[in-house]
Amino acid sequence: MAVICCIMLICCWFSGCAFGGEKLPNGNCTISIECSNILDNMDNLKKTKEEFIPEDGWILKETEVAFQGGETVFDVLKKVCGENGIHMSSKYTPLYKSYYIEGINQLYEMDCGKNSGWMYSVNGKYPNYGCSEYKLKNGDKIEWRYTCDLGADVGNKYEKSKGKDSEK
């Protein structure tokens, strides 16, 4: 009997069902994408980008999305953009081991001034790390906002880094 238990334990260990990383639960979150700050800064916007600004500033109004355990803000953004025909461009940054969102809906960093680009928040807080590092929890509210002023115009209050785990 002890031999069978030992074999089962070893099989589980090698297959990843025991002693491996914790399995995170599936869940639902909401996501929205908006660029309304550009409407107040049209004089700074590159003329070639005007056609990509929705009249009300909403590229995607708040939408509920199901996610698999372990998925990140990046995963959900990529999925929702694909499903809704919204252009998205990202770049992997090895130094930070994370994806950086370069553009959404043909709007890129510095298209509306030198301090402009995309930022995300989860549950009203702006994490100080990449969107592919933020693992989602059931009920999270993701907001992607285009900033024209390094985040000051979207409510990003800079806080000293507390580390990834303290913000989750």
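Student: How many residues does helix α3 have, and what does its span reach from first C-alpha to last?
Tutor: Helix α3, residues 73-84, has 12 residues and reaches 16 Å from its first C-alpha to its last, close to the 16 Å expected at 1.5 Å a residue, where the expected span is 1.5 Å times one less than the number of residues. Helices (H or I, at least four residues) and strands (E, at least two) are DSSP runs, numbered from the N terminus. This is a predicted model, in which local features need pLDDT of at least 70 and side-chain atom pairs count only at pLDDT 80 or more, while totals for chains, interfaces and linings use all residues. Residues are numbered from 1 along each chain as its sequence is written, and side-chain values use heavy atoms, with hydrogens and water left out.

Student: Which residues of α3 are buried?
Tutor: Val 73, Phe 74, Val 76, Leu 77, Val 80 and Cys 81 are buried in α3, where buried means under 20% relative accessible area, exposed over 50% and partly exposed in between (1.4 Å probe, protein chains only). Seen down the axis of α3, these buried residues fall within an arc of 165 degrees, so they line one face of the helix; the arc is that of the directions from the helix axis to the C-beta atoms.

Student: And which are exposed on the other side of α3?
Tutor: Lys 78, Gly 82 and Glu 83 are exposed there.

Student: What covers the buried residues of α3?
Tutor: The cover includes β1 (27-34), β2 (58-67), β3 (88-93), β4 (98-104), β6 (117-122) and β7 (141-147), with contact meaning heavy atoms within 4.5 Å.

Student: Switching to β3 and β4, how many bridges join them?
Tutor: The two strands run antiparallel and are joined by 6 bridges, two strands being paired if DSSP finds at least two bridges between them. Ser 90 stands opposite Ile 101 in β4, and β3 and β4 form a hairpin with 4 residues between them, where Lys 97 in the turn has a positive phi of about 50 degrees.

Student: Is Ser 98 buried or exposed?
Tutor: Ser 98, which is found in strand β4, is buried, with a relative accessible area of 4%.

Student: Which side chain does the side chain of Ser 98 join in a polar contact?
Tutor: That of Ser 132, at 2.8 Å; a polar contact is a pair of N or O atoms within 3.5 Å, and within protein one must be able to donate a hydrogen and the other to accept it, with residues adjacent in sequence counting only if both atoms are side-chain atoms.
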